[in-house]
Amino acid sequence: MSTQQVKGQQIESVNDFVIRFANVNGTGSASANNLFAKTIFRMGLPVSPKNVFPSNIQGLPTWYEVRVNDKGYVGRRGGVDIMVAVNPQSLAQDIKAVDPGGYFVYDSTKPLDLRLHRNDISIFGIPLTDICRREYTDPRQRQLFKNVIYIGALAAMLDLEFDVLKNLIHDQFKGKEKLIAPNIHALELGYQYAEENFSCPLGIRVERRDMVGGHIMMEGNAALGLGAVYGGASVVAWYPITPSTSVIEQFEKYAKRLRIDPGSGKRNYAIAQAEDELSAIGMVVGASWNGARSFTATSGPGVSLMNEFLGLAYFAEVPTVLFNVQRAGPSTGMPTRSQQSDVLLSAYASHGDTKHVLMFPSTPKECFDMGADSFDLADRLQTPVILMSDLDLGMNEHFSEPLEWDDSKLYDRGKVFSETELEEMSDRYGRYLDVDGDGICYRTYPGTHPTKGSFFTRGSSRDRYAKYTESSEDYVDNMERLLVKWETAKNYVPQPEFRPAKQSTRDGMIYFGTTTASAEEALDILSDQGLHMDAMRVRGFPFNADVEAFIEGHDRVFVVEQNRDGQLRMLLINECEINPSKLKPLLCYDGLPVTARWIVEAITGSGTTDNVVTFSKEVNV
Amino acid sequence: MTYHLPEFRHPDLPTNELGYTKKQYEGAISTLCAGCGHDSISAGIIQACFELSIEPHKVAKISGIGCSSKTPTYFLGNSHGFNSVHGRMPSVATGANLANRELTYIGVSGDGDSASIGMGQFAHVVRRNLNMLYLVENNGCYGLTKGQDSATADVGSMSKKGAANPFQPVDLCTLAIDLGATFVARSFSGDKDQLVPLIKAAISHSGFAFIDVISPCVTFNNTAASTKSYEFVREHIEATGKTDFIPVRQEITADYDPGFTQEVTLHDGSVIHLYKNDEDLDVRNRLSALQAIHKYKDKGEILTGLLYLDPDCEDLHEIIGSVEKPLRDLDEKALCPGNQALGAINDSLR
């Protein structure tokens, strides 16, 4: 089945393709597939792996898609050029998913069902199970090495540098050296089989380039955890939930190395695994109130539970850092799939008039920077700061700029009176006195001064001296001041990033977070087709005047986001003085990261004057 | 309505070791109902902190929601207080304690706050052995919403509403002992002689100290048919014994009957001296404590006093190995690994 006549043109490409692996979860496939992605990266090429996995530990279908592109596009493109199908459960849909002219690699131990056969793609059978049965006796080894064997075969078929693969195996099994030789042997088995049976390389192949520079491959969650270490978080409280769990695991991993007190060997941090998310955020509020930098990480269901405390923190003005790694909702939704669907929940979490500062990172570098900065922002503004990541950004490795830290940087702890300042103070201290006119008042930490500066923190109304009151005037006075603070926040949140079109245009596009990479590729494709758009990437909430001006300056603005209801669009309409009909929603919410092709089709396939843009959905896994 | 504390102070008010008068441990005037048991507990906390010579600003007072949770305003006015979310005081106290282990943490809660909405947080703060005094002001009813039965109301007990409670009560003391609490006591707001030494011992205990204080609600649950009324409690109370708390460096001077005593030395060197009424009770033994509570309950009596104590426990900070210095006082040098370390991390990601 390795050689055949293919109807139509075969896909030919150097360094620009999409390969998808179809596996059974729990079989070790993700690490083998990551080996493939990392090899491309080490051959000097931008690469973007996406793990599409089930909410299950073992036995269900899982996919792993790798985008290789030497122009630097690292979002999902859409379509599949090469499919490596090693899961009989999903074989039928996997072979259908291959683009015409593409390549299909499968385990030919069991012959391919003739009804599934396609004559517009090239089909390659490798008897993976047979090879493993012959080579290994241990069932777990048979399962694990099957994955490594097809990576070896792909090395021959796509012209990967075998030495790079071998070095990666050496790196991966540092400390477990006896695993190195059998892994390399498995790679060789696959390589040899492909060399002997197929005409290698295929029409698609990889050539070394020098496009990586200092870039790294990192998961957003690891960057967030590390950002929190650098940002000075010392009290961490959490409750396990996919896809945010690894934020805390990575914080702990780095803190164990980098946050040990040299004198005592003890920890310069504390991690508490709480009984639920209510407790996790309560601990953060307690620690922050008491002057430590503290955070929690969660996902949508956790944010739902945290609403009451977020309202307290907003009203009582306690700095509170929350990393929200979004997943597909509502309710349990699709816990292992990605979405940007907690925008409104996070912006307005809790009862009464509340609104919260949001940050929208789009790369691991930005996760690190914003993760660290979120503590300055929360301390400065004395309010919750919610960093909006998602499963795609958090749990997939991304091609990212390297991380940097300015060693001269000092933490901005915001307005806090010290013991000396209290001692020298002649006026009466008022916790909620707006001394500077920016809506931000001076806090004191508990235990600072024997007779000055103590106050009562509460979620009930109080006067400027933190004294309980039910006076309407005092209540309104306080609520109005919180709005003054909200205005001040506009100067501190991350500012939007603009990407002007090559030609003057009245069309614009807005996107944020993980939509960015695909949106930017789509913009270039559209531009090549003569459709030019200025673009703005929103990076923070509240929106400042620049955001409004961008919308004001265009006749038609597409808002691309990964949720059903156009939540960023709603937030823009809610918060800005703009004409809502200008904002055209482009909504992809199937749980998989949006693709560049989808955005292009959604725009070009649409009527140009419709309020809501229709779109045709790509057939996805 | 505004209340003003009189500034007048007797010139010869006694002072403690630090030179503070009791006045400096007081708070705002209470707005609870006249005769509320909670006010006696606040007075007990003031007395205990004064006698222990704690710096009046080195306490963090944390509460949830309800009548009991209002009380931190009424004691230790020089300390910061946090009236947080209903049933969630334990999590706020946990975070606060993790941030700064040097302060004294007093959490005040009620039976609704701890035995209903906050049961989960109560259970888990016990498990973690957070170093704090967790004091429940237990009146068997929801005062602030006008007298509904709470989860600690006894079967058949009748509040002002007039209907006998049909549901099984939660006993927070037996629960705490089961969950691994390292200091458990029960007391009565009307028994200051018992309450004050218990509070002093609880604060001195290095770990989770729980005191369930029966504190009658004079407005909604002080009826003839209530088992949380002043009259009922006074008639049915049995003490484990008389507790003396002897701080570090102080000589034991009290007389006692040698056959009925138990001495427990706390982590900081202070001693709890229990003059036992019941020779079967061994406060160092969980099973003995549980048996004693149930024995008296079966007789229709309420056993008060120190019930259980494990002075040799590790608190949360010791369990997780955090530094001695308060985490909130760590600076950039201790917290931020710097750019060079980041370079190595970048390399590991290529």
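Which residue of chain A stands opposite Gly81(B) in E2(B)? In this predicted model, the residue in that position is Phe456(A). The pairing belongs to strand E17 of chain A, residues 456-458, which runs parallel to E2(B) and is joined to it by three bridges.

Strand E2 of chain B, residues 80-83, is also paired within its own chain, where four bridges join it to E1(B) in the parallel sense.

E1(B) itself spans residues 59-63 and is mostly covered, with five of its five residues buried. In a regular strand, side chains alternate between the two faces of the sheet. Along E1(B), Val59(B), Lys61(B) and Ser63(B) point one way, while Ala60(B) and Ile62(B) point the other way. Residues of both sets are buried, Lys61(B) included.

The contact between the two chains involves 50 residues of chain B and 57 residues of chain A. On the side of chain B, the elements giving two or more residues are E2, helix H3 (89-99), helix H5 (119-128), helix H11 (332-335) and helix H12 (338-348). H3(B) supplies the largest share of that side, namely eight residues. By residue class, the side of chain B that touches chain A consists of 22 nonpolar, 21 polar and seven charged residues.

Chain B also holds an open sheet of three strands, ordered E10-E12-E11 and paired in the antiparallel sense. Strands E10 (241-246) and E11 (261-265) of chain B form its edges, each pairing on one side only. Five bridges connect E11(B) with strand E12 of chain B, residues 271-276, in an antiparallel pairing. Here Gln262(B) stands opposite Leu274(B) of E12(B). Helix H7 of chain B, residues 192-204, packs on the sheet and touches E10 and E12 of chain B. The direction of H7(B) makes about 45° with that of E10(B).

In chain A, helices H1 (residues 29-42) and H4 (residues 139-158) have axes that come within 9 Å and cross at roughly 20°. H1(A) is therefore roughly parallel to H4(A), an angle under 35 degrees being counted as such. Their crossing is right-handed. H1(A) contributes Ser29(A), Ala32(A), Leu35(A) and Phe36(A) to the contact, and H4(A) contributes Asn147(A), Val148(A), Ile151(A) and Leu154(A). Six of the residues of this contact are nonpolar and two are polar, with no charged residue present.

A further helix of chain A, H7, covers residues 220-230. Because 11 of its 11 residues are buried, H7(A) is largely enclosed by the rest of the structure. The buried residues of H7(A) include three glycines, Gly220(A), Gly225(A) and Gly227(A). Also buried in this helix are Asn221(A), Ala222(A), Ala223(A), Leu224(A), Leu226(A), Ala228(A), Val229(A) and Tyr230(A). Just after H7(A), Gly232(A) adopts a positive phi of about 95°.

Key. Residues numbered from 1 in each chain as written. Chains lettered and ligands numbered in written order. Predicted model: local features only at pLDDT ≥ 70, side-chain atom pairs only at ≥ 80, totals over all residues. Buried ≥ 20, exposed ≤ 12 C-beta atoms within 10 Å, placed from the backbone. Pairing = 2+ DSSP bridges. Axes fitted to C-alpha atoms, helices over the stretch in contact; angles between N-to-C directions. Parallel < 35°, antiparallel > 145°, perpendicular 65-115°, else oblique. Left-handed = near helix turned anticlockwise from the far one by under 90°. Contact = placed C-beta atoms within 7 Å. Nonpolar A, V, L, I, M, F, W, Y, C, P; charged D, E, K, R; others polar.
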